[in-house]
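Hi everyone, thanks for coming. Please have a look at the structure on the screen, and then I'll walk you through two parts of it.

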Amino acid sequence: MKSLILFVFLLILPAEAFRPTLLLGNLIERTCRQTPFYDLCVWSLKTNPESRNADVKKLARIMVDSVLKNKASDTLDLIDELLQDGFTLDPALHKALSSCAERYSVIIGGDVPEIIEALETGDYKFAERGTNDAAMEANSCEVEFPGKSPLTHMNKVVHDVSVVAASIVKIILHSQW
Amino acid sequence: MEASTSHDPERNSAFYAPLPEHPSSGGAPATRSRPLKGFVVILASVVFLLSLVALIINQSQEPLPMPNRVPSASPTSKPASFSEAEPRGVAEGVSAKSNPSLLNEVSFNWTNAMFSWQRSAYHFQPQKNWMNDPDGPLYHKGWYHLFYQYNPDSAIWGNITWGHAVSRDLIHWLYLPLAMVPDCWYDINGVWTGSATLLPDGQIVMLYTGSTNESAQVQNLAYPANLSDPLLLDWLKYPGNPVIVPPAGIETDEFRDPTTAWLGPDGTWRITIGSRFNETIGISLVYQTTNFTDYELLDGVLHAVPGTGMWECVDFYPVAINGSVGLDTSAFGPGIKHVLKASLDDTKVDHYALGTYDPVTDKWTPDNPEEDVGIGLKVDYGRYYASKTFFDQDKQRRILWGWINETDTETADLKKGWASLQTIPRSVLYDNKTGTHLLQWPVKEVESLRLNSTVFEEVLVEAGSIVPLDIGPATQLDILAEFEIESLESNTTDEVSDCGDGAIDRSTFGPFGILVIADDSLSELTPVFFRPVNTSDGSLKTYFCADETRSSKANDVFKQVYGGKVPVLDDENYNMRVLVDHSIVESFAQGGRTVISSRIYPTEAIYGAARLFLFNNATGVNVKATLKIWEMNSAFIRPFPFEEPL
């Protein structure tokens, strides 16, 4: 009987221990759990090779310097394309797209550098400010369109990535990881 | 795992050494299976050990989430605003509790006229670019000096230097060249906030935080190149900087903003620097010095409050209990209390508490631990941060500066070319009538901007009504208003127990007050109001509030309801003073017991279209209002005219 119990115990233990949890994913998962867009957060970080062995400050950097900047650049490219072809003969649409172009230039050329400088120099509340502003800019772009927005998907991604970045910065503000 | 198969009962006992009395311990089957048994035992042990190790490593891990599919944004079919965190503008007439219809999200465009209007007429701001914390304010040889965190390159924070301006009267400021730039390894990543100490022998010592080339926060010493220069144009950095580095146990990026020094009874100087301990405990460390170049960290802390997080811009100063005059930072003795103030990094709010300082142990204790630093009173209940006081030895006043940043987007800031203001400097006194509050009041010199005035006596504002006040231009105003309430019915429970969702929330005794920067059709308005509330013991508790929710039709600005409690004593009416200056409104209740700074960005209620109204949205009281309103002149803040004799 004892041997049966031990047998069972010793079978279960390895199975438990070698469950496929990724040691590398652990900090990412813990961090992303504290953001409102867990899936987006985890996916963005895990697909970036720099997230290996990264601490929270590095994760924030990746979310901003890679993910946010890339998504914002992609959106700006899309806006430029739309502005160039006949699609934009509608003046209201043209105006909205131009305004969005300006906002996205600010995200890339204003918010992102501000956030990176704040993360590097250690005054994290300005990183929070920059990420909050990026979310606001994406949101404001979306509501510029009087009818259907051609940028809804991209605006939402940029907005959500910004919110995730803001949440990660908040973790830094609260702790010393 | 192969066990001997000839004896079933033995199968499971293959993992054990056979029991001595077991008949099969000897004999042929045992001989054949023993090496196998041993191997199995070893294998099992190895597996067991490995599992233990893995389990220990695994201990902090949590279950894997469901496998992630590549996230795709959920398609929305209408122009949607994604962010639920920001407060929404409440369309007029719509209950504050309902979700505003998306149809109300009008998209419009900012014009240059709207942006230009936002610039203040008499609040300090640089000609352009970004400003934040006020630094090292002081009075020297007939001039008030203000330094400030400044980005010379952009309207966004970054690349921080010390801007510099001077004034004869704290109101009319003249811009000077930059005082300090990040040009040494110990401040190359930012010349951050600091304070001035005026020594008895006339020397001026400036201590400030530098962010080093490795992003550590250190404290540095600087001093005027030429003390006889009343403008203090040039500053030298002590060659032996930094004079203080983060001590052991303190995070190197949570150690900043040294205060003005005070003299202890032992004749040595002390300063205090905010930080945090164990991530969530806000603390203030004390350093002692005789020469401002060598410092000793004293044991313990000046004070600590759990749960408040990093303390930035700590300020520590004495106030006279008789409330009559400001005190030098080193003042001590009977009839004096000490104020400890901190800017909380986590919440971006400035808090203070009154208490007692023991100069022998260098510890400060709050009068009321339930209203300790960071968990009780706020310096200002609006958009306000990084405040700092100094002692004006000329007029024997304690003067308070506070940074007011923008609440619009950085796109707008870059277009306007500037961001942030300072408040009008406020004199600070202990409120000896309540014993629990400080009083902040705009410095008297601001009255020099007053032009013509209009007086309204005992205007009746009935429950649920609005009264326009005909005063001419309404974008630069100094308003003094006093309100008396007369009950209509002895009423009911109040549903709203604080500022609520703003002026749209009606309760028995409030809200009532004024509407500033409003247009004729009230499509944009900013109520500043009182809301007295019945408490369970029958007394009235009063809230003082500023409601930005309808301040602008624009949807890309923050529009909050700000406010807090204000003590109103039995022999007092409800009185407020409001400084209106384009996109900044400073509101003071009961002589400055509760203050609210607001930023507003109207699109229609600008220039000649801005109006002023009285309002009373209470259900159970009429209100009689008496007001005196001055139009305010510009302060003509401009570069120092070096070519002209002054």
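Helices (H or I, at least four residues) and strands (E, at least two) are DSSP runs, numbered from the N terminus. This is a predicted model, where local features need pLDDT of at least 70, side-chain atom pairs count only at pLDDT 80 or more, and totals for chains, interfaces and linings use all residues. Residues are numbered from 1 along each chain as its sequence is written, chains are lettered from A and ligands numbered from 1 in the order in which they are written, and side-chain values use heavy atoms, with hydrogens and water left out.

Let's begin with chain A. Asp77(A) sits in helix α4, residues 56-84. Its relative accessibility is 45%, so Asp77(A) counts as partly exposed (buried is under 20% relative accessible area, exposed over 50%, partly exposed in between, with a 1.4 Å probe and protein chains only).

Now to chain B. Which strands make up the open sheet here? There are six, in the order β20-β1-β2-β3-β4-β36, with mixed pairing; two strands pair if DSSP finds at least two bridges between them. The edges are β20 (418-419) and β36, each pairing on one side only.

Inside that sheet, β2(B) (residues 143-151) runs antiparallel to β3(B), with seven bridges, and His145(B) faces Val166(B). Next, β3(B) (residues 161-167) is antiparallel to β4(B), through five bridges; Ser167(B) lies opposite Trp173(B). On its other pairing, β4(B) is parallel to β36(B) (residues 638-639), with two bridges, and Leu174(B) partners Arg638(B).

Finally, six of the eight residues of β4(B) (173-180) are buried, so this strand is largely enclosed by the rest of the structure.
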